[in-house]
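Subject: Handover of a structure and notes on its contents

Dear colleague,

Please find below the structure that I am handing over to you. My notes on it follow directly after.

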Amino acid sequence: MPVTTLDPKTALVVIDLQNGVAVLPGAPHPTADVIGRTVELADAFRKHDLPVVLVRVSFAADGADRLTGRTEQSPRSGGGTPPPGADQIVDQLAGHAEDIVVTKRNWGAFHGTDLDVHLRRRGITQIVLTGVATSIGVESTARAAYEHGYHVTLATDAMTDLNASAHENSLHWVFPRLGETGSTAEILALLG
C-alpha cells in the first residue's frame, strides 16, 4: 500500500547515515543517493518544524558494549576498531542544532536508547524511516516502532542495503505488515 497520509506530528528518523557507513556501496541504491534523498527529506521536515532524528551506531573503544551473542555469521565490522570519526553523522546531515541525535548499540534504534522518550514527549504519532541497512537497522527500527504503536512510513528510495535481495525482501514481505511505503517524492508531496 502506498503512503496515504502523514500525521501532523510526524518525525523523520534517519538510520546510520554516518561516515563509516557512507563509504559502503549500497544495493540497490548507491549510498550517496540515499544520503541525498534523506537530505531532501530532512530539509523539508525542518522547514515544517517537524523533528529530524539522526540515529548513529557507536561502541566503546574497548568494544565492551558490542553485542556478543553466538551467531553463525560474524559481524561485518569484524569487531575491530573503526577509524576515527566513523560513528559521526555525515556532513550533509550534521550541523543542525534542532536535530535530535540518538546513539544506539544494537540493530534497532529503540532498544537501549532514549528514542521513544524523544518522540513521545514531542507528541509524535508517526515516523518516516530512511537509512542503511534496509534489512538490518531500518527493518529492526520499523518493527519496534510498529510495536510501540507508531504509524510507520518507509521511504523506499531513501534506504539501501549491502545486498539488493535483502532490501527487496524487506520492501515486499516485511514493510507492508509494518506500515506504508513510498518514494521520497511521494512523501515530500504529502508534506506540502
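Which strands does α6 lie across, and at about what angle does α6 run to β5? Helix α6 lies across β4, β5 and β6, and its direction makes about 135° with β5. Helices (H or I, at least four residues) and strands (E, at least two) are DSSP runs, numbered from the N terminus. Axes are lines fitted to C-alpha atoms, for helices over the stretch in contact, and angles run from 0 to 180 degrees between N-to-C directions.

Before you read further, please note that this is a predicted model, in which local features need pLDDT of at least 70 and side-chain atom pairs count only at pLDDT 80 or more, whereas totals for chains, interfaces and linings use all residues. Residues are numbered from 1 along each chain as its sequence is written, and side-chain values use heavy atoms, with hydrogens and water left out.

The sheet

Six strands form an open sheet in the order β3-β2-β1-β4-β5-β6, with parallel pairing. The edges are taken by β3 (100-104) and β6 (180-182); each has a single partner strand, so one side of each is left without a neighbour in the sheet. On average, neighbouring strands of this sheet are turned by 25° against each other, direction ignored. Two strands pair if DSSP finds at least two bridges between them.

The pairings can be followed across the sheet. Five bridges link β2 and β3 in the parallel sense, and L54 stands opposite V101 in β3. Between β1 and β2, which run parallel, there are four bridges; V13 has V53 in β2 as its bridge partner. Strands β1 and β4 also run parallel, joined by six bridges, with A11 opposite I127 in β4. Six bridges pair β4 with β5 in the parallel sense, and Q126 stands opposite H151 in β5.

In a regular strand the side chains alternate between the two faces of the sheet. In β3, the covered face holds I100, V102 and K104, while V101 and T103 make up the uncovered one. Strand β4 is mostly covered, with seven of its seven residues buried; buried means under 20% relative accessible area, exposed over 50% and partly exposed in between (1.4 Å probe, protein chains only). From β4, Q126, V128, T130 and V132 point one way and I127, L129 and G131 the other way.

Helix α2

Helix α2 (residues 31-47) has 17 residues and reaches 24 Å from its first C-alpha to its last, close to the 24 Å expected at 1.5 Å a residue. That expected span is 1.5 Å times one less than the number of residues. Among the buried residues of α2 are V34, I35, L41 and F45. Their cover includes β1 (10-15), α1 (19-22), β2 (52-57), β4 (126-132), β5 (151-160) and α6 (184-191).

How do α2 and α6 pack, and how far apart are their axes? The two helices pack at an angle of about 5°, with their axes 10 Å apart. They are therefore roughly parallel to each other; angles under 35 degrees count as roughly parallel, over 145 as roughly antiparallel, 65 to 115 as roughly perpendicular and the rest as oblique. In this contact (heavy atoms within 4.5 Å), R37, E40, L41, A44 and F45 in α2 meet T184, I187, L188 and L191 in α6. The residues involved divide into six nonpolar, one polar and two charged. Here Ala, Val, Leu, Ile, Met, Phe, Trp, Tyr, Cys and Pro count as nonpolar, Asp, Glu, Lys and Arg as charged, and the others, Gly among them, as polar.

Backbone details in the loops

Two cis peptide bonds deserve a mention. One runs from A27 to P28, with omega near 5°, and P28 is found in the loop between α1 and α2. Another joins V132 and A133, with omega about 0°; A133 is found in the loop between β4 and α4 (134-147).

Yours sincerely,

A colleague
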